[in-house]
Amino acid sequence: MRILLFTGKGGVGKSTVSAGTAALAAALGQRTLVLSTDAAHSLADAFGVPVGPEPTEVAPLLFVQQVDAQRRFQESWADIQGYLLSVLDTVGVDAVAAEELTVLPGAEEVLALLELRLRVLSGEWDVVVVDCAPTAETLRLLALPEALGWYMQRVLPAERRIVKALRPVLSRSVGVPMPGDTFFDAVERLHAELDEVRALLTGPGASVRLVLTPEQVVLAEARRSWTNLSLYGYRVDGVVANRVFPAEDADDWRAGWVRAQATVLAQVEESFVGLPVWRSVYRPEEPVGLEALSTMAAQLYAGADPLAPPAGAGPFRITRGGSGATLHLALPLVERADVDVARAGDELVVTLGAHRRLLTLPAGLARLSVAGAGVVAGELQVRFAGDGREEQQ
């Protein structure tokens, strides 16, 4: 199965590009589903047809879905919310306010990922295209499964044992109900589902495409996104430069825009070396409807295979030599001074600006000592040695 995720700064046209790519995939004979993790659904508007909470066929082999977040919320969050509501009720919080306080931040996006998991595992589709939320929300979302995994492995088991043993005493002493097995089971189930989502989206058949417009601010965000997506282990396999002004027959006003965009487009090519950069021209009318979307996508990819699997080994790999090994993590556009690396037990802590990833080391590396780290050609390389020596990083 091929999974394609499209993200970018808000307003760059990622929903249109997602819809067009899905339409092209269906035209190539692939049974295709396109859905959105963005709370502001716009896929129905792009296709110009009503779309429901179940996959809706809008053309042969092409299905569109707008996720029913409320239904998924009841299935995945209700037990957790029930306990939180009982605590807030005990301390006297108003029922309406309690409802608001117990809604998971970004719940709709998270639940859309769980819907994506169900659709992929169903085996009904050859291609699943995901219209993601704007970049910042997408990065927080894709970091969640691994962050929750750290809590599940180190905190929850001990917390569950303590609460089970001391529940009667704790309930009397603190004056609020303690969580029961249904709460812990729900948290574990949510983690398992999100962990499965992460495995699917970091697998060899999945990749992210960045959509941008030729503007300096948008390009700066796209560069950061490439770096941060790689940090969390997600493959970026291409960039879509959208709304590019055609140079032909340009009047003075448009010629100014053409020159300004040409400068940024040159920077795009320099920034994303090794990735294809597809260009979509600015159209006098927004492409709405199947025919317009298909035409736009066909012109965008210009004969290239829009479903080509991502090349290379992915952002994370390990090489071995002698008694040591080297951990490789792709961090494009990064210098050594931008990255902080630390060892904490069996984990490697990689910090890049406001983003941090805890990498649980495989058993073969956990037995070794860190011998040094550096950034070589956009790749973090952490060297491990078996002689017990640790150098300053």
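This is a predicted model: local features need pLDDT of at least 70, side-chain atom pairs count only at pLDDT 80 or more; totals for chains, interfaces and linings use all residues.

Residues are numbered from 1 along each chain as its sequence is written, and side-chain values use heavy atoms, with hydrogens and water left out.

Strand β9 covers residues 316–321 and β10 covers 324–330; they pair in the antiparallel sense over 6 bridges. Gly321 has Gly324 in β10 as its bridge partner. Strands here are DSSP runs of E, at least two residues, and helices are runs of H or I, at least four, numbered from the N terminus. Two strands pair if DSSP finds at least two bridges between them.

Next, the sheet. It is open, with 3 strands in the order β11-β12-β13 and antiparallel pairing. β11 (339–344) and β13 (355–360) are at the edges with a single partner strand each, so one side of each has no neighbour in the sheet. From one strand to the next the twist averages 20°. β12, residues 347–352, is joined to β13 by 6 bridges. Thr351 is opposite Arg356 in β13.

What lies across β12 and β13? Helix α10, residues 216–231, running at about 175° to β12. Axes are lines fitted to C-alpha atoms, for helices over the stretch in contact (heavy atoms within 4.5 Å), and angles run from 0 to 180 degrees between N-to-C directions.

Now the pockets. A pocket is an open set of points on a 1 Å grid over the protein atoms alone, where a 1.4 Å probe fits, with protein on both sides within 12 Å along at least five of seven lines; lining residues have an atom within 4 Å of a point. Helix α10 and strand β7 (236–244) each supply at least two lining residues.

The second largest pocket holds about 390 Å³. Of its 24 lining residues, Gly13, Thr16, Asn242, Arg243 and Glu286 lie nearest the centre. The largest share of that lining, 3 residues, comes from α1.

Notes:
Grid points are joined across faces, edges and corners, and a volume is the space filled by probe spheres set on the points.
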